[in-house]
Amino acid sequence: MKRRFIAFAALTVLAVGALAGSGCVGAGAKAPAEIKIGVIAPLTGNIASFGQSTKNGLDLLVKDVNSKGGILGKQVRLIYEDDRNDPVETANATRKLITQDKVVAIIGSVTSKCTLAGAPIAQSSGVPMLSPTSTNENVTKVGDFISRACFIDPFQGTVMAKFATETLKAKTAGVIFDIGNDYSKGLAEAFKLAFEQLGGQVVAWETYAEGDQVFSAQLTRVRSKQPDVLFQPDYYHAVTLISKQARQAGITATFLGGDGWDAPETAAIGGAAVEGAFFANHYSPDSTDPVAVAFISAYKAAYGSVPDALAALAYDAGLVMFDAIKRAGSTDGKAIKDAVIATRNLRAVSGAINMNASRDPVKGAAIIKLVGGKQVFAGTVNP
C-alpha cells in the first residue's frame with residue numbers, strides 16, 4: 001500500500017483510537033496468542049461481490065490494527081466462512097465458528113435472511129454477532145448478543161418514500177419484491193407504509209420468488225397502473241433483470257431501490273434500464289469526512305477500485321467490534337456484548353456510530369443516483 005497506506009494509517013487513528021494496547025484476561029489465566037473472530041459472508045454464489053467487498057473492508061482494517069500491535073496485546077485473526085447467501089449454510093458456519101474454531105465474536109452475515117438463521121445460535125451460545133449490513137429490523141430482536149453496523153429497513157423505507165414524495169413529487173407508486181426474502185419484504189412494507197402516510201398511493205403490489213427469471217405477469221399489471229415510481233427492494237442480481245424487463249414492457253416510472261443496489265453490477269448489467277434510478281445507501285464515496293477519505297484512499301491503493309457500502313460497513317463493523325473488545329479489556333462474550341451496546345460517538349466511515357437500545361446504530365442515509373453508469377451523490381436524509 002506504500003505511501004498511501006502510511007497516510008491512511010495516520011488518519012485512521014481517528015477511527016481506531018487506541019485499539020492496540022495491553023490488557024489482562026484474568027488473574028492466573030493463560031492468554032491466547034491471538035484473538036479469533038469469525039466472519040460469515042457470501043464469498044461465492046449470486047451476490048459474491050457483496051462478500052468480496054466485505055472481506056476487503058475487514059482485511060484492510062485488520063492489517064492496520066495488527067500493524068499497531070493488535071488488540072489487548074494480541075494479533076487479530078479473522079476466520080472466514082462462506083455461506084453462499086444460503087441461511088442453512090449460515091447456521092452451519094455459525095456452529096462451526098463457535099464450537100470448533102472457538103471464536104470470541106462473529107461479524108456477519110451480509111443479508112438479513114442469513115443473519116436471522118445464524119443469530120439464534122450465537123445468542124444461545126453467548127457469542128456476540130454483529131452484522132455489517134443486515135437491515136431487517138427483526139435481526140437484533142433475536143437477542144442482546146446481536147447487533148449491526150447499518151441502519152434498518154423501516155428507516156431506509158421511510159427515506160425512499162420521503163424522497164419519492166418530496167423530491168420526485170410522486171403521487172403513485174408500484175412495489176415489486178421477493179416474498180421469501182426478509183430484507184426485500186421488510187423494505188417493501190416499510191416503503192408502502194411511509195409512502196401512504198405521506199399522502200401517496202401504492203397502486204401496484206407485486207411479488208416474486210428467489211430465482212425467478214421472468215416477471216412479465218407482474219410487470220404487465222404494474223404497467224396498467226402507470227405508477228410514478230417503481231420501488232424494487234432487492235439485490236443487484238434481481239433488480240437488473242426486473243428493470244430491463246420493466247423497460248421492455250413499456251414502464252416509464254422512475255426506479256427506486258434500497259442499499260442492495262450498491263454494487264458495480266447494478267449499472268454494468270442494468271445499463272440503460274437503471275439510468276436515472278435512485279437508491280438509499282449507507283455512505284457515499286464523495287464523503288469529505290476524514291475517516292471516510294482515509295478509508296477510500298487506502299482501499300483504492302489496496303484493491304484498485306472505489307469501495308462500495310458493503311466494504312465501508314464491514315470496516316465499520318470491525319471498528320465497533322474491535323473497539324468493544326478494547327473497552328471491555330477482555331474476550332469474554334458478555335463483556336464484549338455489553339461494550340458493543342455502550343458504543344457512543346465512534347468515528348467510522350459511514351458516520352459517527354451510536355448504538356441505541358435495540359443495538360441499531362443511529363445515523364443518516366445517502367441518496368445515490370445512477371448516471372452514465374456511475375453512482376452520483378444526490379443528497380442526505382437524517383433521522
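Q: Which residues do ring pairs link into a cluster here?

A: This is a predicted model, and in it ring pairs join Phe50, Tyr183, Tyr235 and Tyr236 into a cluster.

Q: How do I read one of those pairs?

A: You describe a pair of aromatic rings by two things, the distance of the centres and the angle of the planes. In this structure the count comes to 13 aromatic pairs. Take phenylalanine 50 and tyrosine 236: their ring centres are 5.2 Å apart and the planes sit at 75°, so the pair is edge-to-face, since planes over 60 degrees apart fall in that class.

Q: What parts of the chain does the pair of phenylalanine 50 and tyrosine 236 tie together?

A: Phenylalanine 50 belongs to helix H3 and tyrosine 236 to helix H9 (residues 236–248), so the pair ties together parts that are 186 residues apart in sequence.

Q: Are phenylalanine 50 and tyrosine 236 buried or exposed?

A: The cut-off to keep in mind is that buried means under 20% relative accessible area. Phenylalanine 50 has 2%, so it is buried. Tyrosine 236 has 6%, so it is buried too.

Q: Now the helices. At what angle do H3 and H12 pack?

A: For packing, look at the angle and at how far apart the axes are. Helix H3 (residues 48–67) packs on helix H12 (residues 309–328) at about 40°, and their axes are 7 Å apart. That makes H3 oblique to H12. The crossing of H3 past H12 is right-handed.

Q: Which residues in H3 meet H12?

A: On the H3 side they are Phe50, Ser53, Thr54, Gly57, Leu58, Leu61, Val62 and Val65. Their partners in H12 are Leu310, Ala311, Ala314, Tyr315, Gly318, Leu319 and Phe322. By class, this contact has 11 nonpolar residues, 4 polar ones and no charged ones.

Q: And how do H3 and H11 cross?

A: The axes of H3 and helix H11 (residues 290–303) come within 11 Å and cross at roughly 110°. Angles of 65 to 115 degrees count as roughly perpendicular, and that is how H3 stands to H11. Ser53, Asn56, Gly57, Asp59 and Leu60 in H3 meet Phe295, Ala298, Tyr299, Ala302 and Tyr303 in H11. Here the classes come out as 6 nonpolar, 3 polar and 1 charged.

Q: What should I look for in the backbone?

A: Most residues other than glycine have a negative phi, and most peptide bonds are trans. With that in mind, check leucine 72, whose phi is near 55°, a positive value in a residue other than glycine. Leucine 72 sits in the loop between H3 and strand S2 (75–82), and at 6% relative accessibility it counts as buried. Glutamine 226 also has a positive phi, of about 45°, although it is not a glycine. Glutamine 226 is in the loop between H8 and strand S8 (229–231), and at 65% relative accessibility it counts as exposed.

Q: Where is the cis peptide bond?

A: The bond from glycine 108 to serine 109 is cis, with omega near -10°. Serine 109 is in the loop between strand S3 (105–108) and helix H5 (112–125).

Q: What about arginine 221: where is it found?

A: Look in helix H8 (residues 216–225) for arginine 221. With 43% relative accessibility, arginine 221 counts as partly exposed.

Technical notes
Residues numbered from 1 in each chain as written. Predicted model: local features only at pLDDT ≥ 70, side-chain atom pairs only at ≥ 80, totals over all residues. Heavy atoms only, no water. Axes fitted to C-alpha atoms, helices over the stretch in contact; angles between N-to-C directions. Helix = DSSP H or I, 4+ residues; strand = E, 2+ residues; numbered from the N terminus. Parallel < 35°, antiparallel > 145°, perpendicular 65-115°, else oblique. Left-handed = near helix turned anticlockwise from the far one by under 90°. Contact = heavy atoms within 4.5 Å. Nonpolar A, V, L, I, M, F, W, Y, C, P; charged D, E, K, R; others polar. Buried < 20%, exposed > 50% of the residue type's maximum accessible area, 1.4 Å probe, protein only. Phe/Tyr/Trp six-rings, centres within 6.5 Å; stacked < 30°, edge-to-face > 60°.
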